[in-house]
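Take a look at the sequence and the model below.

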Amino acid sequence: MANLISLEKVSKSYGIRPLLTEVSLGIGVGERVGIVGRNGGGKTTLLEVMTGLEEPDAGRVSMNRGLLIGYLHQGDALHDDHTVREAVLRGKADHEWAAETSTREIVEVLLAGLDLDRVVDGLSGGERRRCSLAALLLDEWDLIVLDEPTNHLDVEAVAWLARHMRTRSSALIVVTHDRWFLDEVVETTWEVHDGEVDAFEGGYAAYVLAKAERSRQASASEARRQNLMKKELAWLRRGAPARTSKPKFRIDAANQLIEDVPPPRDRFELQKFATQRLGKDVIDIEDVDLSRGEKKLLSHATWRLGPGDRVGIVGVNGAGKSSVLKLMSGELAPSAGRVKTGKTIALRQLAQSALDDLGPDARVLGTVERVRRVTKTADGEISATSMLERFGFTGDRLTARVADLSGGERRRFELLRALLDEPNVLLLDEPTNDLDIETLNVLEDFLDGWPGTLVVVSHDRYFLERVTDTVWGLMGDGQIRHLPRGVDEYLERRAAGAGAAPYAATSASNTSSERAGSGAAAPVAAQAAKAKAGGAEEREARKAIARIERQLVKIDAQKVDLEAQMAASAEDYAKLGDLAAQLGVLQEQAGELELEWLEASELLD
């Protein structure tokens, strides 16, 4: 099959720095390629050379005559004085664009909540990004080139975009740090590094395996980097096994590579350490109302964070995720109810903001050393210089001015400063923005051994699954709801238009000492049947729901542990039978508790 675009021994440098060195590759009709690599390593340069926006210093770029290329840049080319309707829909009236199914879906998903007659000049960065993406997808192209398309998209929009790109006949080249998106969409992965481009069959999971195998076969000397890759592979095989059914790689080789690698983190050991540092009380949100302008974000919401909880929060853009983090940190006060924090918590919040507190002449190493010269990790003590190197600050970047750092470097630097403060409660708001995959691996590795309470707001599904144990959703009904099956369950509920959960979320803690038992159901159900809305009866019903939720979350954790034991005891039939019986008891208890919750919740409905 002839290529749409071919590169033959292409080289490209900026100043004295070579970004591409004699690179030869091509993309054919209908191929879907993902590009990964460190920030500043040449990914965007490769896109611009391939599409003719930049001339190579040497070599040749050839493309089919009349090739139609749709390119989503990191910036945008929207005219500020145009309306959204003019910029995206070329002025079409509502009945015109709504009559076409494909057009209607793109507009309804990407432009949801936007006034089509609003002027572009007043849009936020995220809204402009959505407009640019929608305008591109509304046209037909032979090749679509996307540079970080998931930025500013919530998990629902990212899932839709993945489905949409799989159905298009266009060839695709995408640069993204969203590993879930890569696994869902691409068939080939290109890694750009040191002026070279290495090709791997499959998405991110296949790329991780192939790279780990190459490192093993070549007996590479970078031991720490190899260990990170093996740990990432262990996560893919153990933590998210569904992904590995799609890529075409050798399962036997994967098992051989990780047979001596422990799970990414010891969840229960970390919780024990966290309890020693934090005590039993961390953050309790009790019967809270929270508003932003005229929009009510929380209504009589109750939620508990315990020591060692690792929680992800999802919701559509504007649902109030960042506001909930500010509520926890004390930056926002509730309009009703209260937020109770433990006496021993040392909280650090990483918000979506710049490093505004530093002077214009602040240097990277000096700034970090003023925070802490030596910090404690799960592996022992580590110096500020070593920490900076782990996060990609080497050579002259150690002494660079903070003001001269790129967007990705500034994000990495702010993350590092937050971790060096040694907090025991860490709130992260979209921490993956502007970070490349290698830096994400380093951050995830660090958090694996971090014994504290972690709350993450992110649209990056892979990162949420990787570093958190439970997922909670803001469904637009004023409550924070537990999602036992994570982001998949959130998307199903959103698709079904269901704001109500099988049981409402009132506690994120899985450290409660209360036990689930079948004898508890009848008294609570009777109590709920007698209760009346308001007053003491309603408070008792809310307490009952909170207690049941703590028990259900604890049972979920016990089920995960039992399932892991069963997987490890596959050939010990006697032990397997005993574990299966224990799992059956837990499932029965969970069913009774869910029924009890439904009965108690009737009052609040």
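A polar contact is a pair of N or O atoms within 3.5 Å; within protein, one must be able to donate a hydrogen and the other to accept it. The model is predicted.

## A buried arginine

Arg481 sits in strand E20, which spans residues 480-483. Its side chain makes a polar contact of 2.6 Å with the side chain of Asp477. Is Arg481 buried or exposed? Arg481 is buried, because its relative accessible area is 10% and buried means under 20%.

Glu22 is not a glycine, yet its phi is positive, about 50 degrees. Glu22 lies in strand E2, residues 17-28. Glu22 counts as exposed, with 56% relative accessibility.

His152 is not a glycine either, and its phi is positive at about 75 degrees. His152 belongs to the loop between strand E6 (143-147) and helix H6 (155-167). With a relative accessible area of 43%, His152 is partly exposed.

## The nonpolar cores

The largest nonpolar core holds 87 residues. Which of them touch the most other members? They are Val88, Leu111, Leu137, Leu146, Met165, Phe181 and Leu447. Helix H6 supplies the largest share of this core, eight residues. Domain 1 (3-68 + 140-208) and domain 2 (267-496) each give this core at least three residues.

Now take Leu146. Leaving aside residues up to four places away in sequence, Leu146 touches Leu72, Leu133, Leu136, Met165, Leu172, Ile173, Val174 and Val175. There is also a second, separate core of 26 residues. Its members include Ile283, Ile285, Met328 and Val457.

Technical notes:
Residues numbered from 1 in each chain as written. Predicted model: local features only at pLDDT ≥ 70, side-chain atom pairs only at ≥ 80, totals over all residues. Heavy atoms only, no water. Helix = DSSP H or I, 4+ residues; strand = E, 2+ residues; numbered from the N terminus. Buried < 20%, exposed > 50% of the residue type's maximum accessible area, 1.4 Å probe, protein only. Core = buried A, V, L, I, M, F, W, Y, C linked by side-chain atoms within 4.5 Å. Domains from an automatic or database assignment. Contact = heavy atoms within 4.5 Å.
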